[in-house]
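Let's take a friendly walk through a protein structure and look at how its parts hold on to each other. Have the picture ready as you read.

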Amino acid sequence: KMKTDLCLSSEGTEVILATSSDEKHPPENIIDGNAETFWTTTGMFPQEFVICFHKHVKIEKLIIQSYLVRTLRVEKSTSKEPVGFQQWIEKDLVHTEGQLQNEEITAHDGHATYLRVIIQSAFDHFASVHSISAEGTVVLNSS
Amino acid sequence: MVKLAAKCILAGDPAVGKTALAQIFRSDGAHFQKNYTLTTGVDLVVKTVPVPDTGDSVELFIFDSAGKELFSEMLDKLWESPNVLCLVYDVTNEQSFSNCSKWLEKARAQVPGTSLPGVLVGNKTDLASRRAVDPAQAQAWALGQGLECFETSVKEMENYEAPFRCLATQFLHLYREKVELFQGLV
């Protein structure tokens, strides 16, 4: 099977929830394939967003580009509905002054239909997420 | 249009009017008011403040220690990750003003390496005959510390909104600065 970026809106992936939103910097910017556009948190933590693949995927590597994020937690679900999330990844990021944090995470047991990405804390009052890509394969296209 | 959320901590000596200030701000007939008493006995006042001349607003979550500032380990928990600071003293009590530098230091220590927008509020201006703190002196100190300075009388319901509007405006400016920074990264 061909490996693709599973986190692209052009592939049908959607952000179905975000706890904060500036209409100028909406959460869709995370999955538009362009690191120049971003989603911002708008004050206080934790903040989170939920990605829906609309299919069953197996993720091998997750790449997150962000700024000022301190503690990141990713949960995943393999349900048809966005419920039953289970703890998957938790990472403390390093502050990268003046350039994007580029976090590559090799994933174990990457079966998912949804991802819930939680920014637990940040290095400043606000943080940004510029892109998430998930390398892996489509297991099952949902009908 | 953006709606920001900011954790506001109230600092200052006991009995300067912190709780009264938060409560009068809350009860001012606004539509979006909520009031919570946390299980810890801490009062949380939540109120949305529109920022003048913008379509933007800031929902302030004002954490009031409700007199428990004497128990310092509890204050540490309550003061975790503040976004803005409301520092209050009593204009009839010189000591409460001089203690402000101690409170400010303690608040700023919560967010090392990050700016903490703040206001200095002299309360109880209704007790004019007992005034012990010169407004010019307070203004000079606040300026030196990067704080905006206000005087209020919670009792006479005077000027109690201005400090919170100012905090909302400062926090929005901080947000815009950060967004500009995020934009320049790629």
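## Salt bridges, cores and an interface

At 38% relative accessibility, B:Arg176 counts as partly exposed. Keep in mind that the model you are viewing is predicted.

The side chain of B:Arg176 meets that of B:Asp56 in a salt bridge, with 3.0 Å from N to O. B:Arg176 sits in helix H6 of chain B, while B:Asp56 belongs to the loop between strand S3 (43-50) and strand S4 (57-64), so this pair ties together parts that are 120 residues apart in sequence. Is B:Asp56 buried or exposed? B:Asp56 counts as buried, because its relative accessibility is 8%, and the cut-off for buried is under 20%.

B:Lys124 forms a salt bridge with B:Asp90, their closest N and O atoms being 3.4 Å apart. This pair links distant parts of the chain: B:Lys124 is in the loop between strand S6 (118-123) and helix H5 (135-145), and B:Asp90 is in strand S5 (residues 84-90), 34 residues apart. B:Lys124 is partly exposed at 22% relative accessible area, whereas B:Asp90 is buried at 7%.

Now turn to chain A. Here the side chains of A:Asp109 and A:Lys76 meet in a salt bridge of 3.6 Å, N to O. A:Asp109 lies in the loop between strand S7 (101-106) and strand S8 (111-122) of chain A, and A:Lys76 lies in strand S5 (residues 69-77), so the pair links parts of the chain 33 residues apart. A:Asp109 counts as exposed, with 53% relative accessibility, but A:Lys76 is buried, with 11%. Chain A also has a network of salt bridges, in which A:Glu48, A:Arg73, A:Glu75, A:Glu90 and A:Arg116 are linked. Over all chains, the structure holds twelve salt bridges.

Here are some of the pairs side by side.

| Salt bridge | N to O distance |
|---|---|
| A:Asp109 and A:Lys76 | 3.6 Å |
| B:Arg176 and B:Asp56 | 3.0 Å |
| B:Lys124 and B:Asp90 | 3.4 Å |
| A:Asp124 and B:Lys178 | 2.8 Å |

The last row takes us to the place where the chains meet. How many salt bridges are there between chain A and chain B? The count is one, and A:Asp124 forms it with B:Lys178. Seven residue pairs are in polar contact between the two chains. On the side of chain A that touches chain B, nine residues are nonpolar, eleven are polar and four are charged.

In total, 24 residues of chain A are in contact with 23 residues of chain B. The area buried between the chains is about 1900 Å², and carbon and sulfur atoms give 68% of that. Which residues of chain A lose the most area to chain B? They are A:Met44, A:His125 and A:Phe126, together 36% of what that side buries.

Finally, look inside. In soluble globular proteins, nonpolar side chains tend to be buried together. The largest nonpolar core in this model has 72 residues, and those with the most contacts inside it are A:Ile59, A:Leu62, A:Ile132, B:Leu60 and B:Cys86. Helix H6 (residues 162-183) of chain B gives the largest share of this core, eleven residues. A second, separate core has 27 residues, including B:Ile9, B:Phe63, B:Phe97 and B:Leu147.

How values were computed
Residues numbered from 1 in each chain as written. Chains lettered and ligands numbered in written order. Predicted model: local features only at pLDDT ≥ 70, side-chain atom pairs only at ≥ 80, totals over all residues. Heavy atoms only, no water. Contact = heavy atoms within 4.5 Å. Buried area = accessible area lost by both parts, 1.4 Å probe. Salt bridge = Lys/Arg side-chain N within 4 Å of Asp/Glu carboxyl O. Polar contact = N/O pair within 3.5 Å; in protein donor to acceptor, adjacent residues only side chain to side chain. Nonpolar A, V, L, I, M, F, W, Y, C, P; charged D, E, K, R; others polar. Core = buried A, V, L, I, M, F, W, Y, C linked by side-chain atoms within 4.5 Å. Buried < 20%, exposed > 50% of the residue type's maximum accessible area, 1.4 Å probe, protein only. Helix = DSSP H or I, 4+ residues; strand = E, 2+ residues; numbered from the N terminus.
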